[in-house]
Amino acid sequence: MGDFFGLIWTKLLDFGGGIRDLFANFLDDFRESNKYFKVKVGLVAAYVLLSIATAVIFIPPGELNEIGARVSTSRTEIVGGRYFLVVNEGSEVWKNIVLTFNDAYLANYLVLKPGKKKAFFFHSFKDSAGKAPPE
């Protein structure tokens, strides 16, 4: 069994050495290249870094979810008070929806089809005693 692990270790070391040699050759070729090639490589590297930075900064982690839900709160009060707006941006029909607010207040809704939205007003949330949350 020791010979097997020794063989695996040797192969891994050979592979690592090959990778190191490959990058060393790339670096040597880059050093020997002309000024215009180096500028092109710098521009491509800058473009890749800016693309990655843009993706990291502008795609918020909470926006993407498994069921395609989008939930937002109202910034103003309309007739009926403030509310949560729930949008089904997925492709499946949601049935027996239960929203939980502050781990104590629940609101229910039967069906929300794809592409439809529903406003859940604060006063529609109830705790176990049937009381609505304070505004």
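User: Why is asparagine 102 called exposed?

Analyst: This is a predicted model. Asparagine 102 has a relative accessible area of 58%.

User: Why does aspartate 103 count as exposed?

Analyst: The relative accessibility of aspartate 103 is 78%. The cut-off is over 50%, so aspartate 103 counts as exposed. Aspartate 103 is placed in the loop between S3 and S4. Its phi is positive, about 55°, although aspartate 103 is not a glycine.

User: Why is aspartate 21 called partly exposed?

Analyst: Aspartate 21 has a relative accessible area of 41%. Buried needs under 20%, exposed needs over 50%, and partly exposed is what lies in between. The value of 41% falls in that middle range, so aspartate 21 is partly exposed.

User: Which elements does the chain have, and in what order?

Analyst: The chain has two helices and five strands. From the N terminus on, the order is α-α-β-β-β-β-β. The radius of gyration is 29 Å, well over the 14 Å that the globule rule gives for 135 residues, so the chain is more spread out than a compact globule. Along the principal axes, the C-alpha atoms fill a box of roughly 75 × 55 × 30 Å.

User: What share of the residues is buried?

Analyst: Buried residues are 15% of the 135 residues in the chain. To be counted, a residue must have under 20% relative accessible area. The chain exposes about 11200 Å², with 63% of that supplied by carbon and sulfur atoms.

User: What makes up the largest nonpolar core?

Analyst: The largest nonpolar core has 12 residues, among them Phe84, Trp94, Leu99, Ala107 and Phe125. Membership needs buried nonpolar residues joined through side-chain atoms within 4.5 Å. Strands S2 (83-88), S3 (94-101) and S4 (105-112) each supply at least two residues of this core. S3 gives the largest share, four residues. In soluble globular proteins, nonpolar side chains tend to be buried together.

User: Which residues does tryptophan 94 touch?

Analyst: Leaving out residues up to four places away in sequence, tryptophan 94 touches Ile67, Gly68, Ala69, Val86, Val87, Asn88, Leu110, Val111 and Leu112.

User: How many charged side chains are there, and how far apart are the centres of the two sets?

Analyst: The chain has 16 positive and 14 negative side chains. The centres of the two sets lie 11 Å apart.

Conventions. Residues are numbered from 1 along each chain as its sequence is written. This is a predicted model: local features need pLDDT of at least 70, side-chain atom pairs count only at pLDDT 80 or more; totals for chains, interfaces and linings use all residues. Side-chain values use heavy atoms; hydrogens and water are left out. The radius of gyration is taken over C-alpha atoms; the globule rule is 2.2 Å times the number of residues to the power 0.38. Buried means under 20% relative accessible area, exposed over 50%, partly exposed in between (1.4 Å probe, protein chains only). Accessible areas come from the Shrake-Rupley method with a 1.4 Å probe; for residues, only the protein chains shown count as cover. Lys and Arg count as positive and Asp and Glu as negative; His and the chain ends are not counted. The place of a charge is taken as NZ of Lys, CZ of Arg, CG of Asp or CD of Glu. Contact means heavy atoms within 4.5 Å.
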